[in-house]
Amino acid sequence: MLTAIVLIDTEADQIPEVATQVTDLKGVSEVYSVTGKADLVAMVRVREHEELADVIADGISKVPGVVRTETLIAFRTYSHVDLEQAFALGLDD
């Protein structure tokens, strides 16, 4: 599984509409509205490297209201959440 973090700049008045359309794209698992350098951050998860072009260049970049994207490719995942979920399997609270 390949993970890409896509920073998305949008037209200022179209952030919610862009977020909704990006969320609906195959391969996009989450979209966050954020403060800072970008307006939105999309998490893209695909099986093959070639699929990144389908999701990002042919999908996200073509959503009306998207001005610019910057893509970060994840090498490794470090997450306490994943570990906690794995250890909690089958346990009742």
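Student: Leaving aside its neighbours within four places in sequence, which residues is V44 in contact with?

Tutor: Contact means heavy atoms within 4.5 Å. By that rule V44 touches L2, T3, A4, V6, G27, V28, L52, V55 and I60. Keep in mind that this is a predicted model, where local features need pLDDT of at least 70, side-chain atom pairs count only at pLDDT 80 or more, and totals for chains, interfaces and linings use all residues. Residues are numbered from 1 along each chain as its sequence is written, and side-chain values use heavy atoms, with hydrogens and water left out.

Student: What makes M43 count as buried or exposed?

Tutor: Buried means under 20% relative accessible area, exposed over 50%, and partly exposed in between (1.4 Å probe, protein chains only). M43 has 14%, so M43 falls under the 20% cut-off and is buried. M43 sits in strand β3. Neighbours within four places aside, M43 is in contact with T3, A4, I5, G27, V28, S29, E30 and Y32. The C-alpha atoms of M43 and V31 are 6.4 Å apart, although 12 residues separate them along the chain.

Student: Why is β3 called largely enclosed?

Tutor: Count its residues: 6 of the 7 are buried, so the rest of the structure largely encloses β3. For the chain, 30% of the 93 residues count as buried.

Student: How many helices and strands are there, and what pattern do they follow?

Tutor: Helices (H or I, at least four residues) and strands (E, at least two) are DSSP runs, numbered from the N terminus. There are 3 helices and 4 strands, and along the sequence they read β-α-β-β-α-β-α.

Student: How do you know that β2 and β3 are paired?

Tutor: Two strands pair if DSSP finds at least two bridges between them. Here 5 bridges join β2 to β3, so the pair passes, and the two run antiparallel. Two of the bridge partners are V28 with V44 and E30 with M43. The hairpin of β2 and β3 has 6 residues between the strands, and G36 takes a positive phi near 110 degrees there.

Student: What joins β1 to β3?

Tutor: 7 bridges do, again with the strands antiparallel. T3, for instance, has R45 in β3 as its bridge partner.

Student: What makes β2 and β4 the edges of the sheet?

Tutor: The 4 strands form an open sheet in the order β2-β3-β1-β4, with antiparallel pairing. β2 and β4 (66–73) each have a single partner strand, so one side of each is left without a neighbour in the sheet. From one strand to the next, the twist averages 20 degrees.

Student: Which strands does α1 touch?

Tutor: α1 packs on the sheet against β1, β2, β3 and β4, and its direction makes about 165 degrees with that of β2. α2 lies across β1, β2, β3 and β4 too, at about 145 degrees to β3. These angles run from 0 to 180 degrees between N-to-C directions, with axes fitted to C-alpha atoms, for helices over the stretch in contact.

Student: Why is a set of residues called a nonpolar core?

Tutor: Because its members are buried Ala, Val, Leu, Ile, Met, Phe, Trp, Tyr and Cys residues joined through side-chain atoms within 4.5 Å. The largest here has 18 residues, and I8, V22, V28, A42, V44 and I60 have the most contacts inside it. β1 (2–10), α1 (15–23), β2 (28–33), β3 (40–46) and α2 (49–57) give two or more residues each. β3 gives the most to this core, with 4 residues.
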